Amino acid sequence: VQLQAFGGGLVQAGGSLRLSCAASGTAFSSLAIGWFRQAPGKEREFVAAINRSGSTTYFADSVKGRFTISRDSAKNTVYLQMNTLKPEDTALYYCAAATYGTGPRAEYNDWGQGTQVTVSS
């Protein structure tokens, strides 16, 4: 599976960004997709995930109510809509794919290259 994450950038606090994760190399419908992030000096953490059908979503407590996740099967793409961004959301964001399991504890074996999100105060 090849994953390409893009859409990051610099935004002021309170602003919005939409990240995209484009998948190729296998049947998109077989993949659960998760978003993770890693800030400098911190461990990678789970942000959000969506199951194979798009019927179930998962969010870290820190982003609940601000972020949404969706998938477009026609475009083999998962989106992470990030609203009301805070400086603490600054991190390198990665998307990952799992063929087994779903949610934050799925077996994410394939990872994209990451896209930087910087939120200024």
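**Disulfide and salt bridges in a predicted model**

Me: Which residue does a disulfide join to Cys21?
Reply: This is a predicted model, in which local features need pLDDT of at least 70 and side-chain atom pairs count only at pLDDT 80 or more, while totals for chains, interfaces and linings use all residues. Residues are numbered from 1 along each chain as its sequence is written, and side-chain values use heavy atoms, with hydrogens and water left out. A disulfide is taken as a pair of cysteine sulfur atoms within 2.5 Å, and here the S to S distance is 2.2 Å, the partner of Cys21 being Cys95.

Me: How many residues apart are Cys21 and Cys95?
Reply: The disulfide joins Cys21 to Cys95. The pair links distant parts of the chain, with Cys21 in strand β3 (residues 17–24) and Cys95 in strand β9 (residues 91–98), where strands are DSSP runs (E, at least two residues) numbered from the N terminus. The separation is 74 residues.

Me: Is Arg37 buried or exposed?
Reply: Arg37 meets Glu45 in a salt bridge at 2.6 Å, N to O, the term meaning a side-chain nitrogen of Lys or Arg within 4 Å of a carboxyl oxygen of Asp or Glu. Buried means under 20% relative accessible area, exposed over 50%, and partly exposed in between (1.4 Å probe, protein chains only). Because its relative accessible area is 5%, Arg37 is buried.

Conventions: Helices (H or I, at least four residues) and strands (E, at least two) are DSSP runs, numbered from the N terminus.
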